[in-house]
Amino acid sequence: MKLVNGQSIIEAPVLDEVEIAKARRLLIHIQSHDGPVMKLYLWDQAARDFCKKFKSYENTPTVLLVTTVSTKTLGGTLALTPMSSSRVFMDYDVQPTIDYFGWLGSNPAIVEQVNAEVVTKRETMTIGEIFSYIKRESAKDAFFECTAMIDDVVHGSAWYYIACSGCHTKVTKGPTSLICTNNKCGKVNVDGVAQYRSKISVYDNNEQAFFVLLGDAGRELTGKPASELVRSYFEGNGNQEGNHEAPVPEALISTIGQRHKFCVKVTEHNLSGKTRSFTVTKILPLDTQPAKISSEGNHTTATSEETFKSRMDSAEESKRTCDSDEIEEAKHHKCRN
């Protein structure tokens, strides 16, 4: 193991079981015997079992063995399902981990062979470079960091969607109540809560693109949850017709002209040409000084590559429903001083 939830294994990671249970997953960066550093997600019971075993050790365990009968790849990341068949073993638990632990002891140079913080850091790209990337035959789902100026907030389509308050999946209207569309949740009579799905126009002095803010990314940009903005509008405007939607709020409009660093997700829909809008999963702090080549840095950057899977998948699905009506790129850019 190299990183556990973004924390270096050398620095004795502290795991917050409450937060992990809430997110339902735990991310580990692992280096195989003779391979590169890979990302491994443990979900639900497998994540809880890992936490319990990890914290039971007097010294920080470094060797991990996971067995399962069902694996899945999500955007190039290995993910183990929450099935009861998944098991985790560490250091001296079983003979294979004992053998590997012994091999590491006789080959100390292996531990420092790969710097996980460098390998797992998101690559910084311009908008033009992202467009070039999605044209490659070898391109696949990926995350990039991109710094750009907000040029406009797109009107004419809903800037939010109504989600299940439990799993944040988009809900549908039943005969008498809201119904969650997530098969694993499947709740009826759910409380609907507004979640961001806001399209903005951005530019970086060379290229222009559309970014779609999902979930927490919208809150990070405006400083306010979508539910609060929607509630404020309806409270201030009295009763409206059932299908009435809240217009784009001032909190979003006021971000025009702001420069931000965005964590951009490239999906299969970008690669297949079904949409040219890129999903933003997180707003990152701008660099306050020129970047330096260093093995040191913020270990937590690796963890922000994917948000809670159910929320992202449901928000992505909601986003795709409006891609077919995607507004054409802005014909004129604003003055770039």
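**View 1. Strand 1 pairs with strand 3 in this predicted model.** Strand 1 (residues 3-4) and strand 3 run antiparallel and are joined by two bridges. Strands here are DSSP runs of E with at least two residues, numbered from the N terminus, and two strands pair if DSSP finds at least two bridges between them. Val4 lies opposite Ile28 of strand 3. Residues are numbered from 1 along each chain as its sequence is written. In this predicted model local features need pLDDT of at least 70 and side-chain atom pairs count only at pLDDT 80 or more, while totals for chains, interfaces and linings use all residues; side-chain values use heavy atoms, with hydrogens and water left out.

**View 2. Strand 3 also pairs with strand 4.** Seven bridges connect strand 3 to strand 4 (residues 37-43), and the two run antiparallel. Ile30 has Met38 of strand 4 as its bridge partner.

**View 3. Both faces of strand 3 are covered.** In a regular strand the side chains alternate between the two faces of the sheet. On one side of strand 3, Arg25, Leu27, His29 and Gln31 are buried, as are Leu26, Ile28 and Ile30 on the other. Buried means under 20% relative accessible area (1.4 Å probe, protein chains only). Because seven of the seven residues of strand 3 (residues 25-31) are buried, the strand is largely enclosed by the rest of the structure.

**View 4. Residues lining the second largest cavity.** The lining consists of Val153, Val154, Ser157, Ala158, Trp159, Ser198 and Lys199. A cavity is a set of points, on a 1 Å grid over the protein atoms alone, where a 1.4 Å probe fits but cannot get out; lining residues have an atom within 4 Å of a point.

Note on methods
Buried < 20%, exposed > 50% of the residue type's maximum accessible area, 1.4 Å probe, protein only. Helix = DSSP H or I, 4+ residues; strand = E, 2+ residues; numbered from the N terminus. 1 Å grid on protein atoms, 1.4 Å probe; cavity = no way out; pocket = protein on both sides within 12 Å on 5 of 7 lines; lining within 4 Å.
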